[in-house]
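Welcome, and please take a moment with the sequence and the model shown here. The report then walks through a sheet and a chain contact.

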Amino acid sequence: MPEITREEVAHLARLSRLALDDHELDGLAAQLDVILGAVAQISEATDTADVPPTTHAVPVENVHRPDVVTPSLPREDVLAGAPAAEDGRFRVPRILDEE
Amino acid sequence: MTDLTRLTAVETAAAIASRETSAVDVAQAHLDRIAAVDGAVHAFLHVDAEGALAQAARVDAGEVTGPLAGVPLALKDVIVTKGVPTTVGSRILEGWRPPYDATVTERLRAAGIVVLGKTNMDEFAMGSSTEHSAYGPTRNPWDLTRIPGGSGGGSAAALAAYEAPLAVGTDTGGSIRQPASVTGTVGVKPTYGGVSRYGLVAFSSSLDQAGPCARTVLDAALLHEAMAGHDPRDSTSIDAPVPPVVAAARKADVAGLRVGVVKELSGEGYETGVQERFDEAVALLQELGATVTEVSCPHFAYALPAYYLIAPSEASSNLARFDSVRYGQRVGDDGVHSLEEVMSITRAAGFGAEVKRRIVLGTYALSSGYYDAYYGQAQKVRTLITRDFTAAFESVDVLVSPASPGVAFPLGAKLDDPLAMYRQDLATIPSNLYGGPAMSVPAGLSEGLPVGLQVMAPVQRDDLLYLVGGAFEAARPFASTPLTWEHA
């Protein structure tokens, strides 16, 4: 099934928000081809037709807490770890293109 | 005078409680030890001398008591610590000081445990050698030219080099047990949900589990008890009593216990010396009164591919939070690049090669057109692996195998071959997929290097691991690290 192309890897990198350079894309395409070749072995497990998927190791149910306001982290403590903050908020680069 | 760094955690706590020594002296002895040897070992990414001595002083003042009060510990850098740098071995979080403590961190402090610092690891816990750390590899104290295992190589190496008697690791596919195996130490992955994941930087949320690392089985049990238990802040935390691990470690008796040798976890891919030590270990358990049978778990053959689809898929989602907005590094914010471009530039600069590999692999496995064949199929295989465990535990109490297919390999040996690195987790992955607890205990040497025996138990029967590990240790005390490089 595998055989992943360089264009596919470039597309996946875009989806993953990774600005990879040409050298990285070439390397990754070759490595992913080998890795996918190995994990494709999963299709050899043929007795899976009526098997339900396991998403979690132990059965999990939604956990609820009472809907009351409790103290959260102080805003300045949280913003102290941010790369850029301004006026009590996270500062981000521009979101819209200027065109 | 006794060398305080050579004591077990139990001995250390007793010496402090009886005022034979002080917690501050114990902490200082370990800080001195780190200063003396960590240049060669590189187990630590950050040493918190001030915090350690302050906590030790609280113990000496009688403000905190408990079975491990005053005992020093090395904390894997994937567990957040308020005000103390937490990098997860990645450049992307360089310089970040978390605004809160993980539940594990809180519980360690409440138990009077003295956190010496944060230990080195493969970036985001992705790796089996600690060579994928952005801050340089950790070296194996048994042989400095070799890897200490991974991802928790720093925690395991700190124990083997006598820099700390206790450590905390996390295990997604073997990151506690494989380092324990190759450094001759004890490492336990508790039942999934047994220890809170609140404040554990997520890699693969359905598999990640924090657990204890130590030089003896009883020390590991005491740490297990201090860390474990229900936490309302983790929705996957098990709301049930912690299995009686300390009592089991003290009982240390396998008479009448039914032990199953997993047929599929041997043979091809396992080194001869590892197989020999394993066979001897099984014979010893039999001598100690256990009944041994061979058990087949046919779907374990697919555990490795299932894991390398599920874990990268979850990682590709979890690591989306490193977006250069809320914490860590930001690269390329020059007023020209847009937010999305800055995110992409930051992530490309901040993540290492293995992390990028897994994010892209996971994104692929989750993408439309491939989802059913890869991620969906892996989740079904996960069910079959769980059924193999359940069926096996109908006829035996515990399963055993080698913990790692080989002894510590030379640094660099598998760095250019991701698949060879992934195969280090052959024997440890099944328990993560199933969710049951598993332990690695030292089982002698091959080529002068440690081999680990893995014990696997049913969900919420963590006590059985300690029963077996304790009996094994009592019959065959673990070898001390020779530290030939230090005395050369």
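This is a predicted model: local features need pLDDT of at least 70, side-chain atom pairs count only at pLDDT 80 or more; totals for chains, interfaces and linings use all residues.

Let's begin in chain B, where an open sheet of mixed pairing is built from 11 strands, ordered β1-β3-β2-β4-β6-β5-β10-β11-β9-β7-β8. Its edges are taken by β1 (44-47) and β8 (291-295) of chain B; each has a single partner strand, so one side of each lacks a neighbour in the sheet. From one strand to the next, the twist averages 30 degrees.

For a closer look at one pair, turn to β9 (residues 398-402) and β11 (residues 449-456) of chain B: they run antiparallel and are joined by four bridges. B:Leu399 has B:Met456 in β11(B) as its bridge partner. Helix α9 (residues 272-287) of chain B packs on the sheet, where it touches β7 (258-262), β8, β9, β10 (438-446) and β11 of chain B. The direction of α9 makes about 115 degrees with that of β10(B).

**The contact between the chains**

How many residues does each chain bring to the contact? Chain B gives 59 residues and chain A gives 47 residues. On the side of chain B that touches chain A, the elements giving two or more residues are α10 (303-318), α11 (339-350), α12 (353-365), α13 (372-395) and α14 (418-422) of chain B. Among these, α13(B) gives the most, with 11 residues. The table shows how the residues on this side of chain B divide.

| Class, chain B side | Count |
|---|---|
| Nonpolar | 30 residues |
| Polar | 19 residues |

How values were computed: Residues are numbered from 1 along each chain as its sequence is written. Chains are lettered from A and ligands numbered from 1 in the order in which they are written. Two strands pair if DSSP finds at least two bridges between them. Axes are lines fitted to C-alpha atoms, for helices over the stretch in contact, and angles run from 0 to 180 degrees between N-to-C directions. Two residues are in contact if their C-beta atoms, placed from the backbone, lie within 7 Å. Ala, Val, Leu, Ile, Met, Phe, Trp, Tyr, Cys and Pro count as nonpolar, Asp, Glu, Lys and Arg as charged, and the others, Gly among them, as polar.
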